[in-house]
Amino acid sequence: MSHIESVQKWLAGNNYQVGYISDPKNIQYFTGFSSDPVERVLALLVFPDKDPFLFAPALEVEAIKDTGWTYPVYGYLDHEKPFAIIADKIRARINNPDKWAIEKGNLNVIRYETLKKLFPEAQFDGNLTPFIQNEQLIKTSAEIEKLEVAGKWADFAFKVGFDALRKSRTEQDIVAEIEYALKKKGITHTSFDTIVQSGTNAAEPHGFPKPDKIKENALVLFDLGVIYQGYISDASRTVAFGKIDEKAQDIYKVCLEAQLTAQAAAKPGIIAEDLDSIARDIITKAGYGDYFIHRLGHGMGQSEHEFPSIMKGNKMELQPGMCFSIEPGIYIPGVAGVRIEDCVHITDNGCLPFTHTPKELQIIPVR
């Protein structure tokens, strides 16, 4: 059953006449077309017993056709009213549909209210968000193969970054080296903005590379990934640039133990929150619990943050084919920050990572 057919089956089984998919990443999942429409309207309309259609800015129509999308695609010009056109195309299939399913986790209020005005008798009770999350939850072997290739390119990027470390260079310089090397190899997009943080800068877990020179005798955190045929990699490593003090060594040792122990425990049947606890308990017992300030992991696939979250309160039982990150971190303001991360997929009896850069502390000589 194709992804589109699965939506049609769900709509029919729940007595919905129209499914409106608005998240560009989810549209990519169902159609193969990747785009960031910015302020323009990109939408996938699915019906239980009629052909779906894709609606997009006119400037993207030909690109959609090039992806092999075999169903209708309609475009609009910037001066036109997109939702009026969408309404006309829907009414050409169903005169006045009154039972809708939308992505409640994505559709913004203005666009929702516009649809309500165009279809005043309609009920928008259906929520496609949890259905789509579960549809994407178990990756196929073909999807896992693409994730593995993306992981290999992340390993390449780590090597470039480690080799580029110099005390005369800034964090931003290292990022530029990494992304330039990837582009020369034909990898044109990263999963997210590449992160390189040195010394105390790494204590900001959602920080960004600064024009600060790489600090000697300090830890350097790398967080990066690439996009390969629509699928991403996401991994973190922390290395020592020169000799680091005992405190930094201890932080690294504890974080590494938490990551390795959780990754070894990830297998079918374990509960998501229990996996989080395995890593968190190690960090807490070492006295750093207050500095592990995010969930252990997140789902990944075509996006770096998918369902599920590996965190307290999630009682989901892990199953083969699920893909997610395992990324404990310790961030002590003014001291240091460490994060060690692999994304993995659950196998029949354990898990396998997509990245293979060594995780034992690497000491890069100051140069």
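Let me start with overall dimensions. A compact globule of 367 residues would have a radius of gyration near 21 Å, and this chain has 23 Å, so the two agree. Keep in mind that this is a predicted model. Along the principal axes, the C-alpha atoms fill a box of roughly 70 × 40 × 35 Å.

In secondary structure, the chain has 10 helices and 19 strands. Of the 367 residues, 53% are buried. If you take contacts between residues at least 6 apart in sequence, 66% of them join residues at least 24 apart.

Now the surface. The accessible area comes to about 16600 Å², and carbon and sulfur atoms account for 50% of that. As for charge, there are 40 positive and 50 negative charges, and their mean positions lie 2 Å apart.

Which residues of α10 are buried? They are Ala272, Glu273, Leu275, Asp276, Ala279, Ile282 and Ile283. As a reminder, an α-helix has 3.6 residues a turn, so residues three or four places apart point the same way. You can follow that list along the helix in the structure above.

What do those buried residues pack against? One partner is another helix, α9, at 246–265. The others are strands: β13 at 306–310, β14 at 323–326 and β15 at 329–332.

Last item: just after α10, Gly287 takes a positive phi of about 95°.

Note on methods
Residues numbered from 1 in each chain as written. Predicted model: local features only at pLDDT ≥ 70, side-chain atom pairs only at ≥ 80, totals over all residues. Heavy atoms only, no water. Buried < 20%, exposed > 50% of the residue type's maximum accessible area, 1.4 Å probe, protein only. Helix = DSSP H or I, 4+ residues; strand = E, 2+ residues; numbered from the N terminus. Contact = heavy atoms within 4.5 Å. Rg over C-alpha atoms; globule rule 2.2 N^0.38 Å. Areas by Shrake-Rupley, 256 points an atom, 1.4 Å probe, with all protein chains shown as cover. Lys, Arg positive; Asp, Glu negative; His and termini not counted. Charge placed at Lys NZ, Arg CZ, Asp CG, Glu CD.
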